[in-house]
Amino acid sequence: MTARWHINIITLFPEMFPGPLGQSLSGKALENGKWSFKTVNIRDFAEGVHKSVDDTPYGGGAGMVMRPDIIEKAVRSIENPGRKIYLSPRGTPLTQKLAQELSEEPVLTLLCGRYEGVDQRVLDSEQFKEISIGDYVLSGGEPAALILMDACIRLLPEVVGNAETTLEESFSGGLLEYPHYTRPAEWRSADGQTRAVPEILTSGNHRNIALWRKKQAETLTQSRRPDLWQACQEKSGKPEKGKK
Ligand code: SAM
């Protein structure tokens with residue numbers, strides 16, 4: 001039986017799954033049936049003695065390309081593929097908003113590329129949406145699939161204990177999150193400095209704590225991620241400082 005959120009993973013390395021997602025929060029959610037997955041081994045659809053799944057690129061150039069006929073067979077072996085995603089550095093960047101959207105889909109099929117990638121024709125014919133996990137190149141789509149899945153799993157209902165936590169988290173409201181502190185209230189670090197927790201946090205005044213955290217989140221976002229800050233300002237209709 002499949003869970004409310006089911007993921008098919010088309011890969012040359014099925015043993016990479018669930019990998020780290022079998023641990024901790026996502027592992028418990030897997031055990032409790034909050035999500036399920038099935039791997040489809042591309043090699044099972046290869047032909048010939050060498051069972052190769054790739055070939056040299058038309059037009060020349062370095063590397064190998066995954067063959068469209070083999071990928072199509074792998075995709076077509078899945079009874080209910082749902083929304084099809086190809087993990088690719090050329091794709092739409094994965095954001096918290098997109099992760100939220102994908103966590104609400106009942107079924108996804110993730111295609112993990114290797115080598116130089118997948119023949120464009122099968123991406124077009126099977127209508128894959130390309131998603132990137134960042135502006136860098138990995139050697140395969142499997143770690144990218146694991147990251148996408150992790151970002152979605154923690155957004156599934158009843159996976160993260162406190163739903164408020166995800167509401168305040170970085171990106172959810174458009175800002176980065178405020179800094180966190182725990183015991184001891186005063187701590188002497190290895191550099192010889194005594195570092196105290198900001199006084200406001202031990203005051204017990206919840207309204208002032210909330211205001212302080214909001215200010216911290218705003219200051220952090222403004223300095224570290226001016227792009228996010230600008231988007232937030234535009235959304236709230238506030239002009240940027242220095243702009244009319
Ligand atoms: N030749 C490709 C390019 O320059 O765009 C890179 C291919 S990469 C070596 C092999 C596979 O890793 C890709 O087919 C894709 O599935 C995966 N991959 C690499 N970087 C990725 C990223 N930033 N996001 C998602 N998937 C990625």
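Two strands pair if DSSP finds at least two bridges between them; strands (E, at least two residues) and helices (H or I, at least four) are DSSP runs, numbered from the N terminus.

This is a predicted model, in which local features need pLDDT of at least 70, side-chain atom pairs count only at pLDDT 80 or more, and totals for chains, interfaces and linings use all residues. Residues are numbered from 1 along each chain as its sequence is written, and side-chain values use heavy atoms, without hydrogens and water.

**Exercise 1.** Determine how strand β5 is joined to strand β7.

*Solution.* Step one: β5 and β7 (residues 129-132) run parallel and are joined by five bridges. Step two: proline 93 has serine 132 in β7 as its bridge partner.

**Exercise 2.** Classify the crossing of helices α7 and α8.

*Solution.* Step one: the axes of α7 (residues 206-224) and α8 (residues 226-235) come within 5 Å and cross at roughly 120 degrees. Axes are lines fitted to C-alpha atoms, for helices over the stretch in contact, with angles from 0 to 180 degrees between N-to-C directions. Step two: angles under 35 degrees count as roughly parallel, over 145 as roughly antiparallel, 65 to 115 as roughly perpendicular and the rest as oblique. The two helices, α7 and α8, are therefore oblique to each other.
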